[in-house]
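Biologist: Please take me through this model, beginning with the charged side chains.

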Amino acid sequence: MIYLIDHMVSERMRGVKGSPTVRLSGLVAELRARGENVISLAIGEPDFPTPAHIVEAAKKALDEGFTRYTPSRGIGELREAIAEKSQQENGIQCGPENVMVSPTKHALFAATLAFSGAGEDVLLPDPGWVSYLPMVQMANARPVPVPCVEEDGFQMTPEAVGERITPKARMIIVNTPNNPTGSVYDLESLKGIADLAEDHDLVIVTDEIYERILYGESHHSIASFPGAFERTVTINGFSKTYAMTGWRLGWAVAPGHLLDPMSTVQEHSITCATSFAQKGGVAALRGPEGPVEEMVRKFARRREVMVKGMNEIPGLSCQEPQGAFYAWVSYEDPIKSLDFSEMLLEKALVAVIPGGAFGDEGEGYIRLSFATSQDNVREALKRIREVLS
Ligand SMILES: Cc1ncc(COP(=O)(O)O)c(C=O)c1O
């Protein structure tokens, strides 16, 4: 029997592409299984283990039988720890009633479903993290990419945002520090964006998951600006700061009128975040910060090696990322970033993400993660140099 596959797939899903980062990780695993010595600079996760005290807290929770559903918005002690952290570190006036614990990606999806839909526009950074645009498409809304160009430090300027706000605009996504460019938004840009959101009655969804991975710059949360909290959902998570990608744990902080519809999405989708992972989350926020600081110090050293090495290769150039753990590298060849990346994988056995995966403005760039050992970074640089010269 021949199935008409297209007919079976919802119209909404037909134009939505899978995640290039997830797909590339699969490809790298396949090549390695065939014995190829591939270096992957494609993945967006710290290569460190989750700190021991966090693991111990989750193990203890399992041993104590903490294995059932939790309240949908998360356990009280974690919501309190998140609220305290958000007040003290981010200057957001909030309490535990403003917190929903959720895998970070799911919190973003819940916000997109809650605040946008058919006939409505969502502004997002271009280049921007690979899942924002598909999330907007899955919500049936229209993505409106805002170009973030090198001359502006890869930030969405208030001017560029203002030019693209339509009467149908409902929501704007901000991401600082930014994946893929490593840009950390300055106070002025963020204030400009917050003012525009107020003027046009937009919900701001700000993804701050890389806030602790900084190289000298200061991080600012829009929700801390006077009056901005009422229209802002601040999203954050444990994956990057505490090397907890597999735990699937993060959170959203928002006023009740925004958190309630997001909670409804959560109640009818995943119900709650994993119970014992939440106990690990409490240990992460309440425990020693040494492991985080040590990890960021290591990222900083690798960043130096990566940026210097890239700029020494003829035809490649790269600004210093101010945050996160990615080098955003431009290349001179007039070919598509997908072809350039495939060439590097084939000839240098180095996996990188094509810039075009992050939006049209990403063409001419590749993204290289330095969340891998210095030896790997050096060997990858050597291989790329050999192939390009
Ligand atoms: C900018 C950004 N936001 C959100 C996420 C999702 O994080 P998590 O894997 O914890 O759901 C990622 C992961 O790569 C990211 O880079």
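Modeller: Arginine 164 counts as partly exposed, at 27% relative accessibility. By the cut-offs used, buried means under 20% relative accessible area, exposed over 50% and partly exposed in between, with a 1.4 Å probe and protein chains only. This is a predicted model, in which local features need pLDDT of at least 70 and side-chain atom pairs count only at pLDDT 80 or more, while totals for chains, interfaces and linings use all residues. Residues are numbered from 1 along each chain as its sequence is written, and side-chain values use heavy atoms, with hydrogens and water left out.

Biologist: Which side chain meets arginine 164 in a salt bridge?

Modeller: That is glutamate 163, with an N to O distance of 3.5 Å. A salt bridge here is a side-chain nitrogen of Lys or Arg within 4 Å of a carboxyl oxygen of Asp or Glu. Glutamate 163 is exposed, its relative accessible area being 62%.

Biologist: How many salt bridges does the structure hold?

Modeller: There are 19. One of them pairs aspartate 260 with arginine 73, whose closest N and O atoms are 2.6 Å apart. Aspartate 260 lies in helix α10 (residues 256-267) and arginine 73 in the loop between α4 (52-63) and α5 (76-90), so the pair ties together parts 187 residues apart in sequence. Helices here are DSSP runs of H or I with at least four residues, strands are runs of E with at least two, and both are numbered from the N terminus.

Biologist: What does arginine 212 pair with?

Modeller: Its side chain forms a salt bridge with that of glutamate 289 (2.6 Å, N to O). Arginine 212 sits in the loop between β6 (203-207) and β7 (232-237), and glutamate 289 in the loop between α11 (275-286) and α12, so parts 77 residues apart in sequence are tied together. Arginine 212 is partly exposed at 23% relative accessibility, and glutamate 289 is partly exposed at 22%. There is also a network in which salt bridges with shared partners join Lys85, Glu89 and Glu211.

Biologist: What does phenylalanine 299 touch?

Modeller: Leaving out residues up to four places away in sequence, its contacts (heavy atoms within 4.5 Å) are Pro46, Asp47, Phe48, Ile213, Tyr215, Phe325, Phe370 and Ala371.

Biologist: And for the chain as a whole, how many helices and strands are there?

Modeller: The protein chain has 14 helices and 13 strands. Of its 389 residues, 55% count as buried. The C-alpha atoms fill a box of roughly 60 × 55 × 55 Å along the principal axes.
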